[in-house]
Amino acid sequence: MRVKELHPLCCITLESPQGINNNNNNKSPEETVKTTTALTRSRSLPAKSLLTGVGSRVMTSIGSEQQQQAETVAGILYKWTNFGKGWRSRWFLLRNGILSYSKIRRPENLNLLSPSSDDVRLIGDISADRLSRMDSCSGRRKQHKTVGIVHLKQVSSFRESKSDDRKFYIFTATKTLHLRTDSISDKAAWLQALASTKCIFPLRSLNGDFSFISPKDLSISTERLKKRLHEEGMNENLVKECEQIMLSEFSEMHGQVQLLHEERTNLIDALRQLEAANLEAGASGKHEFPSLGRGKYSECSTTASSDGKQEFEDVSEEDEPSFHDTKEYFNEPNVGSVTNLSTSGYPNIKRRTKLPDPAEKEKGVSLWSMIKDNVGKDLTRVCLPVYFNEPISSLQKCFEDLEYSYLLDRAYEYGKSGNGLLRALYVAAFAVSGYASTEGRHCKPFNPLLGETYEADFPEKGIRFFSEKVSHHPTVIACHCEGKGWKFWGDTNLRSKFWGRSIQVEPVGVLTLEFDDGEVFQWSKVTSTIYNIILGKLYCDHHGVMQIRGNRQYSCTLKFKEQSILERNPHQVNGFVEDVAGKKAATIFGKWDDSLYYVSGDGISKTKVSDPASNASLLWKRTKPPPNVTRYNLTSFAITLNELTPGLQEILPPTDSRLRPDQRHLENGEYEKANLEKQRLERRQRMSRQLQESGWRPRWFEREGESETFKYTGGYWEARGHGNWDDCPDIFGEITEELADSA
C-alpha cells in the first residue's frame with residue numbers, strides 16, 4: 001500500500017520510498033532516495049531548480065490526455081492596489097482558465113491548491129525565507145481568503161507594458177489588473193501561460209441552441225387530487241377549496257418561472273451581443289467592452305503598450321469590486337446603442353449616444369442680479385436665459401418617466417398569469433423609477449408653447465408616446481402612452497416657487513395606468529426641491545407620500561424620505577403593498593436613484609440588499625450613466641429624446657418640440673442664437689393666455705369636466721400616417737400682424 005502526503009506548495013504527490021520503488025522498477029535504491037529527497041526539499045528550492053529537477057521527471061509521466069489540458073501555474077506577483085499602499089505581493093494561481101489571487105499573510109497559508117493529480121508549475125523564486133520576510137512586512141495576521149477572480153475564458157485580455165519591462169496588464173470588463181514580476185523571464189513565463197490558457201479555453205459560442213422550458217408549457221391537473229378527496233368522503237365545497245389553493249400556489253410558482261425565463265433569455269441575448277462585439281474586435285487584434293467598462297484601458301491589445309508613463313486606477317484592494325447576480329444588470333438593454341436584435345421583430349434603429357459638440361463657449365450668468373426680482377414668484381412665469389435650461393422641453397421630460405417601461409410589461413404578464421401581487425409591486429417600481437433621471441439634473445426644461453406637442457415612437461421598447469401642452473395658465477401638460485397590454489395617461493400642473501436658496505416644484509394631477517384586463521392603478525407625484533441655488537453644492541430631493549390606488553385586490557403606499565443636512569443615506573424610499581382587507585402583502589424599500597427591492601409580508605429585511613443571503617428580491621435597478629457626460633447630466637435615454645433621426649423631420653407636425661429653434665440652438669451649443677430665439681418665442685407666448693381665454697381648445701386632448709383629467713381623443717398617429725397637419729399652426733414661426741390682431 002502506498003502512503004501519500006500533499007506537498008505544502010502544490011499538489012505534487014509525495015510517495016513513500018516503497019511506492020516510488022514500485023513505480024520505478026528500473027531505478028536503483030540510491031536513485032529512489034535522491035528523488036524522495038528532492039521532492040521533500042522542493043519547498044525551499046527556487047522555481048527554476050524545481051522545474052529542472054523534480055518537475056522534469058513528474059512531467060514525463062503525464063499521459064497524452066493530460067498534455068491536452070491547460071497547464072496550472074502559480075507564483076507571487078506584485079499587484080498595484082492604490083496610491084496609499086502601492087505595490088503589494090499577492091499569490092496568483094492560474095487553473096482551468098481561472099486566475100485567482102489572494103493576500104499573503106503567513107507562509108503556511110500558501111497551501112492554496114486543492115488536492116488533485118494536476119501538476120503545478122511555479123513561476124519565480126518561491127522560498128520559505130522570502131515568504132517570511134514578506135510576512136513580517138505585512139504586519140496583520142488575518143486568515144487567508146481569495147481576493148479576486150478573473151475568468152480568462154470569458155471577456156478578458158492582457159498586454160505588456162512598454163515603459164516597464166517587468167510589468168503587464170490584465171483587462172476584464174470591469175477592472176484592470178496592474179501586475180509586476182521580479183524578472184523579465186518571469187513576466188514572459190506568465191504571459192506565455194496566459195496565452196496558452198486563452199488558446200485552450202476559447203469563448204464558447206452562444207449561437208447554439210439554448211433550449212429553455214417555456215412557462216407556457218407548464219400546466220397542472222387537479223383531477224387526481226379531486227378523485228382522491230372524493231374517495232375520502234370530502235364534500236364538494238371542500239374539494240373546490242383545496243383545488244383553488246393548489247391552483248393559487250401553482251400560479252405563484254408559474255410567475256416566478258416566467259420571471260426566471262425572461263431574465264435568462266435577456267442574459268443570453270446580452271451575452272450574444274457581447275460575444276459578437278468581442279469576436280469582431282478580435283479580428284483586428286483589439287478588445288473592446290462597450291457599455292461595460294469605461295476605464296482608461298477599455299480598449300487594449302496583446303501587443304506592446306504605448307504608455308509612456310505610469311497610470312493607475314486608484315482603487316483600494318480592501319474594497320474589491322463586488323460580483324452581483326446577473327439579474328441586477330441585464331434588466332433593460334442600453335438605448336444608446338443599436339437597440340434591438342434582428343430576431344426581435346423590431347426595426348433596427350440606431351440612436352445617438354451623445355449630444356452634438358458645442359459650437360461656441362458658454363458664458364455664465366450671475367444669479368445675484370436675478371434673485372432679488374424673482375423671490376416668491378411662479379418660476380414658470382419668469383424669463384430666464386438659456387443658461388438655466390437643458391436642451392429638452394417639459395413635454396419630453398414627461399416621456400422620461402417611461403424609460404423603464406419594461407417594468408409595466410412585466411406587470412402585465414404577471415397579472416395575466418394571475419399574480420396580482422407581483423403586478424402591484426412592478427407598478428410601484430415603475431412609479432419610483434421615473435425619479436432616477438433627476439439625479440444631478442439641475443437645469444430647467446423648456447416651458448412649452450401653448451399647443452406644442454411631442455411624439456416618441458420606440459418600437460424597440462414596444463411603446464408609442466404623445467404629449468401636448470393643453471393650458472398656459474395654469475401650465476398643464478397632458479400625455480398618453482400605449483405599451484404591450486397597457487395604457488398610461490395623465491396631466492400635470494407644475495406649481496413651482498423660487499425661494500432664493502431653493503426651487504420647489506409641487507406636481508398637481510393624477511397619473512393613470514390601465515391594463516388590457518381592466519385593472520387600473522392611479523397615483524400622483526411627490527414634491528421635488530432643488531437646494532443650494534446660491535451657495536453650496538446643488539442637489540435635488542423628492543419627498544412626500546405616494547398613494548398608488550388599485551381598483552382590484554392590491555394598493556401601494558410609498559414614502560419618499562426627505563433628506564436632512566447630515567443625512568448619510570439619502571434618497572430612501574420605503575413602503576408596502578396591502579390587499580383590500582388592509583393586510584400587508586409585501587414590503588418595499590430602496591433608493592429612488594439606484595434600485596428597489598421587496599420582501600414578502602410585513603417587515604423590512606435587516607440585511608444588506610446586496611448580500612446574497614438577503615431574502616430581498618430585486619424589482620428595479622437604474623441603468624448606468626452614459627460615458628459622455630455634459631453639464632446637463634442627461635441619461636442615455638434622455639440624450640435620444642430631442643434627436644431628429646433620418647426621415648423623421650419630414651413627417652413631424654409643425655408643433656413638435658424637436659422643431660423648436662431655441663431648444664435646437666442650445667443643443668448645438670449656439671448660445672447667443674438660443675437666447676435670441678427664446679426671447680422671441682416668449683413674446684409670442686404672452687399671447688397664449690389671450691388665445692386661451694378667447695376659446696382656444698387643445699387639438700389632441702379634451703377634458704370632460706373641470707376636475708377631470710385630460711384624455712387623448714385619438715387621431716394623431718393616423719394624421720401622421722397621412723401627413724395631414726392642416727389643423728396644426730406654425731407656433732414657432734414669426735409673429736405676424738394677423739396673428740397679433742387675432743390675439
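Mentor: A definition to begin with: Ala, Val, Leu, Ile, Met, Phe, Trp, Tyr, Cys and Pro count as nonpolar, Asp, Glu, Lys and Arg as charged, and the others, Gly among them, as polar. Also, this is a predicted model.
Trainee: Okay, what classes make up the lining of the second largest cavity?
Mentor: That lining has four nonpolar, two polar and four charged residues.
Trainee: Which residues lie nearest its centre?
Mentor: Ile76, Ile123, Gly124, Asp182 and Asp186 do, out of ten lining residues. Strand S3 (72-82) and helix H6 (184-200) are the elements that each give two or more residues to this lining.
Trainee: And how much space is in there?
Mentor: About 50 Å³. The largest cavity has a volume of about 60 Å³, and its lining divides into six nonpolar, one polar and two charged residues. Among the residues that line the largest cavity are Asp401, Phe430, Trp523 and Lys525.
Trainee: How many cavities of 30 Å³ or more does the structure hold?
Mentor: Six.
Trainee: New topic: strand S26. Why is it largely enclosed by the rest of the structure?
Mentor: Because six of the eight residues of S26 (residues 584-591) are buried.
Trainee: What does S26 pair with?
Mentor: Strand S25 (residues 572-579) is joined to S26 by seven bridges, and the two run antiparallel. Strand S27 (residues 595-600) is also antiparallel to S26, with six bridges.
Trainee: Which residue in S26 stands opposite Gln572?
Mentor: Lys591. Towards S27, Thr587 has Val599 as its bridge partner.
Trainee: What joins S26 to S27?
Mentor: A hairpin, through three residues. The hairpin of S25 and S26 has four residues between the strands, and Gly582 there takes a positive phi near 85 degrees.

Notes
Residues are numbered from 1 along each chain as its sequence is written. This is a predicted model: local features need pLDDT of at least 70, side-chain atom pairs count only at pLDDT 80 or more; totals for chains, interfaces and linings use all residues. Side-chain values use heavy atoms; hydrogens and water are left out. Buried means under 20% relative accessible area, exposed over 50%, partly exposed in between (1.4 Å probe, protein chains only). Two strands pair if DSSP finds at least two bridges between them. On a 1 Å grid over the protein atoms alone, a cavity is a set of points where a 1.4 Å probe fits but cannot get out, and a pocket is an open set with protein on both sides within 12 Å along at least five of seven lines; lining residues have an atom within 4 Å of a point. Grid points are joined across faces, edges and corners, and a volume is the space filled by probe spheres set on the points.
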